[in-house]
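Have a look at the model first, then follow along step by step.

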Amino acid sequence: MVASIVLSGIAIGCIYALIGIAYNVMFSASRVFSFTAGTLGMAGGILGSLFILKLGLPVWAGFLLALAGGALLGVVTEILAVRPVLKSLDQHLYVLSTLALALMVQQFAAIEWGTDAQPFPRLLDLERTTFDQQFWLPMLACAVTIVGLEVLYRRTLLGHAFLAIAEDNYAARALGLPERNLRMASFAIAGVIGALSGFAGGQMLLAFFDNATQLTFYGFVPVALGGMGNNRGAVVAGLVLGLFQQAANFLVGGIFSSVAVFAAFILVLLARPEGLAGVALGRRV
Amino acid sequence: MDMSTTEARPARASVLSSLAASSALPWLVLAALAVTLPLFAGGYWGVIATRACVYWVLVAGLNLLVGFAGQLAIGWVALLTLGAYITAVVTAGQVMPALDPYLALALSGVAGAIFGVIVGLPALRLRTFYFAITTLGFATIVRQIVLAWSTVTGGGVGVPAPVFPPPFDSQWGFYYLCLIFAAVCTWMTINIAGSRFGRALTAIRDAEVAAEACGIAKPKLLMLVFLFSGATAAVAGGLFASLQSYITPDAFTTELSVLFFIGVLIGGRGSIIGPLLGTILLTVLPEFAAPLVAWSTFLYAVLLLVIVLVIPGGIADLLDFKNRRPLQTNRAIVPRPELLGRLLAQDQDPGTLTLEQVHLHFGGVRAIDGLDLTILPGQVHGLIGPNGSGKTTTLNVISGYYMPQRGRAVLKDAVLTQLSHYARAHLRIARTFQTPRIVGEASVIENVMIGGTIDGVGTFVESLLALPRHWQDEKKLRETAMLALSTVGLEQLAQVRADRLQHSELRFVEIARALMIRPAFLLLDEPAAGLSPEEIRRLGILCVEIAKHGTGVLLVEHHADLIFDICHHVTVLNLGKKLAAGTPAEIRSHREVVSAYLGG
């Protein structure tokens with residue numbers, strides 16, 4: 001019993017962390033938090049189920065197509081909802097434009113896919129064990145993403161360019177970096193990461209349109225607590241959140257676990273608005 | 001001097017009355033349509049109209065929060081749910097003895113106000129996206145609680161809702177009840193919008209730092225608005241329950257929340273009639289396109305995206321014909337310092353403003369490194385130095401935006417560095433900013449009136465109900481603001497939207513706003529930047545005249561000529577330290593200053 005709580009807690013935590021990383025990747029490239037982060041997770045689940053169960057494609061094809069769908073969604077987000085409002089960041093129009101796009105995608109899914117949670121295929125033909133694939137797949141996805149991003153950011157020239165954009169947009173442009181293309185690439189990467197979380201976690205979360213709202217909220221908790229733009233913080237906070245939620249689910253029931261998570265989230269942010277691992281903002285005047 | 005003001009007055013009065021007439025017309029049309037609706041519309045439209053009224057009761061309050069204060073509360077359906085269930089549960093008589101429906105509605109309102117504040121608390125510390133997410137989280141949780149707490153809420157099965165006693169028990173009777181609530185909410189929000197509280201809310205939204213410098217206490221004001229919009233949302237919930245006659249959690253979807261939120265934004269920020277039309281539009285729209293009902297939320301979202309990208313001003317902006325008339329070009333700003341006497345009556349000794357051994361560093365950078373500074377009343381004190389020498393930082397320490405690690409700022413008996421930002425205005429310390437901080441969508445005179453916020457005596461509730469003190473405050477503020485505008489030479493532009501002004505004019509608007517608090521000390525941050533030589537000369541005269549009325553002026557400037565012309569005393573900063581201090585003549589011949597800064 002304890003084992004399954006811990007396993008599902010870590011697995012859910014990994015999904016939240018991945019959504020948090022998707023938030024971060026988009027934020028680093030544009031200084032924008034996008035409401036579409038949870039939608040990417042939803043898309044990963046629904047596209048996976050669509051391609052593999054409904055259309056009968058092989059798992060690997062469904063996997064690649066789901067990730068491609070996520071990347072496409074990321075790029076569309078950048079073009080439709082982020083780029084037009086970047087000029088007036090201080091007006092916070094991005095909150096509204098990304099919210100609008102997220103709602104459009106979610107509603108489209110609700111109408112075309114249906115409002116019931118639909119099954120997600122078992123990806124690997126393995127026997128069910130305690131340490132089942134539905135638990136270790138999200139963990140694997142999270143580990144691969146972390147390592148992949150570290151390699152990208154630290155070892156490759158492209159990654160350095162991403163970091164330069166995140167660190168100082170103006171300076172990076174002055175150096176001649178193709179800021180717009182890098183930003184679109186970042187949103188595509190975020191789309192892949194978001195879709196990966198929904199695909200890898202599909203067996204736990206199912207292919208369900210309302211996952212978008214849930215993941216948008218629970219995926220942001222690690223970002224807020226771990227400090228914005230801080231991927232390691234997001235992973236740690238995501239794991240803590242997942243374990244806490246599953247334990248509370250088991251001990252006091254689902255409702256109170258939600259209330260507890262929400263209350264903890266608010267209290268931590270009230271005490272430290274910059275997050276547990278974040279740095280306070282600079283000048284206002 | 002009086003001749004020109006008396007000349008201006010009749011013109012102003014006629015402008016105001018025609019303005020009032022043009023803005024009253026749509027309201028009269030709407031009211032007439034609403035009251036006579038049963039004469040020409042069938043019963044089904046009655047239900048739709050009732051629904052629009054109920055929605056508006058909520059949106060009216062939410063509008064103050066979203067449209068005026070700029071707080072992105074996207075999960076406000078939570079409070080509708082709360083109000084609906086409280087009303088239904090306490091009148092059903094299942095859990096407790098049944099209450100009268102009106103009492104239940106009042107009880108919902110009180111509970112809504114309390115929860116409004118609870119949801120709102122994070123807004124005091126969290127920025128936009130964070131707050132939006134927390135309201136979304138709150139909405140999710142309320143829904144889960146309603147589903148799970150089935151002994152009280154009936155869970156997924158739901159609970160029956162009350163019918164209001166005669167004459168409001170028939171369909172049209174209930175319509176009129178909701179219409180009364182909607183009309184009262186409209187009236188109250190119009191009152192607030194036109195009061196110093198409404199202007200303060202837009203200042204918090206668009207120019208938070210300036211709002212603080214004007215003495216607006218954001219936490220207190222926001223809490224009042226959260227109380228109000230929480231209460232109206234919960235009352236709307238009670239009416240909504242009665243309209244539905246039986247409520248289940250399915251009635252309170254995220255889509256509904258989105259409808260409310262988008263209604264405000266389609267209407268336009270800082271408007272009342274815009275969001276009202278927006279709400280009616282969103283309520284009625286699906287009825288015209290029956291096959292599209294399933295797609296309605298999708299369409300709302302599309303509409304939101306289009307509004308944000310194409311017409312950020314919303315419906316209100318489309319209706320704002322007044323501000324499309326071209327402004328006169330070649331406008332000149334001609335201040336009339338002779339009016340200052342009526343504006344700046346110093347009733348008591350302002351004391352001196354002193355900085356004592358102030359140290360402030362950001363990480364390894366020493367922005368201010370042991371600065372002593374004394375600013376005397378009735379003098380113009382110049383603060384100059386190369387970029388990065390700590391001039392604006394010094395102003396920010398006085399204004400309270402930075403907390404020095406060591407040292408303190410003192411005015412008379414008050415230690416400034418121990419007080420909150422917005423306490424400065426009460427001590428009559430005013431300031432302007434390097435980049436003008438203005439509410440672009442408000443008129444020039446409204447922007448200036450923001451400066452006088454702390455001089456109002458009426459409370460929020462008095463403004464809400466338009467009691468006499470509200471009118472007295474408004475009259476006095478408007479007159480003083482007009483006087484301040486005449487003083488800086490911008491009275492012609494009083495009714496124009498502030499974002500249509502030129503940069504140089506905005507600088508003078510900021511000075512007018514600062515004059516509204518009858519400053520004992522006036523901090524000007526590069527007021528001459530972007531001004532023409534003639535405007536700089538007039539600005540100089542204005543500064544000198546302000547000082548003659550007993551105000552201490554601290555002037556941060558790069559225009560050395562202006563500084564040497566008008567200052568009584570000049571302090572030169574370099575790398576956060578005082579390089580030299582003295583009269584302009586002494587500074588001009590100071591060897592180090594000349595080599596480090598002035599050149600030649």
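**Exercise 1: the domains of chain B**

Task: list the domains of chain B and describe how domain 2 of chain B meets domain 3 of chain B.

Solution. Start with the assignment, whose bounds come from an automatic or database domain assignment: chain B has domain 1 (24–253), domain 2 (336–341 + 350–428 + 519–600) and domain 3 (443–517). Residues are numbered from 1 along each chain as its sequence is written, and chains are lettered from A in the order in which they are written. This is a predicted model, where local features need pLDDT of at least 70, side-chain atom pairs count only at pLDDT 80 or more, and totals for chains, interfaces and linings use all residues.

Next, take the separation: the C-alpha centres of domains 2 and 3 of chain B lie 26 Å apart. Then count contacts (C-beta atoms, placed from the backbone, within 7 Å): 14 residues of domain 2 of chain B touch 13 residues of domain 3 of chain B.

**Exercise 2: chain B against chain A**

Task: find which helix of chain B gives the largest share of the side that touches chain A.

Solution. First, 36 residues of chain B are in contact with 30 residues of chain A. Now look at the helices (DSSP runs of H or I, at least four residues, numbered from the N terminus): helix 5 (128–148), helix 11 (254–267) and helix 13 (296–310) of chain B each give two or more residues to this side. Finally, helix 5 of chain B supplies the largest share, 13 residues.

How values were computed
Contact = placed C-beta atoms within 7 Å.
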